[in-house]
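Please find below a short note for a colleague who is meeting this structure for the first time. It goes point by point and gives the cut-offs along the way.

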Amino acid sequence: IGLFNADVFRAEGVGSFGLILKELSDGSVIVTHVFPNTPGDKAGVEPGAVITTWDGKPITQAIDAVNPNLFSSYSTEHARRQDQAVFLTRVPVGTRIDVTVQNPGDASPRQITMTAEQEIDSLLEAISPSGEELNLPVEGKILPSGLGYIKISTFSDDDNLEARLWERYMKQMIDNNVPGLIIDIRSNGGGSGGLALDMAGFFFDEGFVLSQEAYYSEATGKFELQDSPTRLEPAPTIYDGPVALLVSANCVSACEGFAYAVSQGGRATVVGNTPTAGAFGEVGRGQYKLPGDMDLQVPTGRPLGLSGDIIIEGKGIIPDVTVPLTAPDALGQRDGVLDAAVQAILAKIG
């Protein structure tokens, strides 16, 4: 269950320091963005700066204490931890914080004091990087390696547009004999599960039962299976080259269903810094309209594998290749996950 409204944050007097923080795989915490004319900028903090203490505590302990649940609920600890780092910098306007920071190139860390000001742009950027709202839901290209690359940003855009774009790119990959394909779903918040499965059908030449859905019955006090299991059906056009899926904790819901489907039987190699969000409860029967032009959505269905085990929920799609998150990756200076996927596909082709 999640609720975010920028106007509410402004009205409630929530401030920040104009910084976006990212916790790396080695446990260090760096600043990835510094917004102009904010407290962090005025204090001289630079992108790439390492923060070691926050308000008198080691930075990891400070992150431990953050409660991001007012923003969202979480099915996995790695997804929650990501938002804890984001919301560490969200405090009441006027809050003074002492921080130990070391900018890139500095010989040693220094102590600074920042006072929170009302500012929302850094939070919006952390949640949805600027410019993404102008992108098409499906975009593709050929990488210098000769491999294909397709980014699926969402499954909740215009279904017809998204299906046509996907089919066009897939046809181009096949017609041009592209030897391997990388699909980037790292920033895909989900949407239509049916659309996601239709798109996954382009990688299989035979249909098969993928999963089954169970709903709680007050009459029996148990979760009861639905009559029709979820099937994946092959598309009219099939891409049979090796595939890699790029995932992250920002791959949620239908995005995870797509990853689960395409990775069946080892069809795709999953690559990422972390598993997906692990939030896959079926929500079709749990959507409500509230006063004040707000919507409430809760999971009501339990997704099960063919053996009866709960799938995805609570653990996510776990990468076959886990790539450490380093400072150059967090700062956008390189893409270690993409590089690892390229190497994995080339190894299969070679």
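Predicted model: local features only at pLDDT ≥ 70, side-chain atom pairs only at ≥ 80, totals over all residues.

1. Residues are numbered from 1 along each chain as its sequence is written, and side-chain values use heavy atoms, with hydrogens and water left out.

2. Helix H8 spans residues 254-262, and nine of its nine residues are buried, so the helix is largely enclosed by the rest of the structure. Here buried means under 20% relative accessible area, exposed over 50% and partly exposed in between, with a 1.4 Å probe and protein chains only; helices (H or I, at least four residues) and strands (E, at least two) are DSSP runs, numbered from the N terminus.

3. A search of the whole structure finds one disulfide, a term for a pair of cysteine sulfur atoms within 2.5 Å. It joins Cys251 to Cys255, with 2.1 Å from S to S, and the link is left-handed, at -110° about the S-S bond. Both Cys251 and Cys255 are buried.

4. The structure holds eight aromatic pairs, where rings of Phe, Tyr and Trp (its six-membered ring) pair if their centres lie within 6.5 Å, and planes under 30 degrees apart count as stacked, over 60 as edge-to-face and the rest as tilted. The rings of Phe155 and Phe258 have centres 5.6 Å apart and planes at 45°, so this pair is tilted. Phe155 lies in the loop between strand S11 (148-152) and helix H6 (159-175), and Phe258 in helix H8, so the pair ties together parts that are 103 residues apart in sequence.
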